[in-house]
Amino acid sequence: MRKFDIKNIKLRKVTVDELSDKMLLINLYATQALTFIIGLAWAFFQGQNILEIFRFQGPPSFLYWAAGLAALVVAFDIGISRWIPDEAKDDGGVNERIFRNRPLWHIALLCAVVSICEELLFRGAIQHAFGPYWTSIVFAAIHVRYLRHWIPTGMVFAISYGLGWLMTFTGTIWAPIFTHFLVDLTMGIIIRYRREEE
């Protein structure tokens, strides 16, 4: 029987083009599950009640603020993309691979999973500990595919800060979740149907 030798493990960088569609989805869902678990654990160790974090509070007027912020983010993203070169907004093709051949229901499911998992960790746990500014720095840093260019990194930071402000203003995590969902869904639909027309 061969002994397992950790020194023989070799890591290599893999580009998104080298992944099959199945592996890309497994990776996406696995990282979101890990994000959710870390968010739950962090909130638990902070002494927060998970049910309280996700409880709907007050009237649903937060939906208007969430939709307004989402519209602002999407309009800014579409507007600025006309003036910046393609290489400055390149994410390595990840968003194209995720959305370009996906049915609409699956795009919506992906956006819902990502928005709930990421907002639990960032707005529900990290922001509770460090506030919206430092949370936004961490949020921008984990979106490593954007770090090569300052414009998308700055946009991710600004969007995260807006989501943090929105949660503080509305008092519910559902406002940033809904905004995150709407932004990702809109951009996913644009990528999906723009690719069909080309």
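Helix geometry, salt bridges and a nonpolar patch

Q: What is the relative accessible area of Glu 52?
A: In this predicted model, Glu 52 is partly exposed. Its side chain meets that of Arg 55 in a salt bridge, at 3.0 Å from N to O, and Arg 55 is likewise partly exposed, at 41%. For Glu 52 the relative accessible area is 37%.

Q: How many residues apart in the chain are Arg 194 and Glu 96?
A: These two form a salt bridge, with closest N and O atoms 2.4 Å apart. Glu 96 is buried, at 19%, and Arg 194 is partly exposed, at 34%. Arg 194 belongs to helix H7 and Glu 96 to helix H4, a separation of 98 residues.

Q: At which residue does H5 bend?
A: A straight helix of 39 residues would span 57 Å, yet H5 spans only 26 Å between its end C-alpha atoms. The bend is about 125°, and Pro 132 follows within four residues. The bend is at Gly 131.

Q: Which helix gives the most to the nonpolar patch?
A: The surface patch covers about 810 Å², with Leu 34, Trp 42 and Phe 130 among its residues. Helices H1 and H5 each supply at least two of its residues. The greatest contribution, four residues, comes from H5.

Technical notes. Residues are numbered from 1 along each chain as its sequence is written. This is a predicted model: local features need pLDDT of at least 70, side-chain atom pairs count only at pLDDT 80 or more; totals for chains, interfaces and linings use all residues. Side-chain values use heavy atoms; hydrogens and water are left out. Patches are made of residues with over 30% relative accessible area and no salt bridge: like charges are joined within 9 Å, nonpolar side chains (Val, Leu, Ile, Met, Phe, Trp, Tyr) within 5 Å. Accessible areas come from the Shrake-Rupley method with a 1.4 Å probe; for residues, only the protein chains shown count as cover. A salt bridge is a side-chain nitrogen of Lys or Arg within 4 Å of a carboxyl oxygen of Asp or Glu. The expected span of a helix is 1.5 Å times one less than its number of residues. The bend at a residue is the angle between axes fitted to the seven residues ending there and the seven starting there. Buried means under 20% relative accessible area, exposed over 50%, partly exposed in between (1.4 Å probe, protein chains only).
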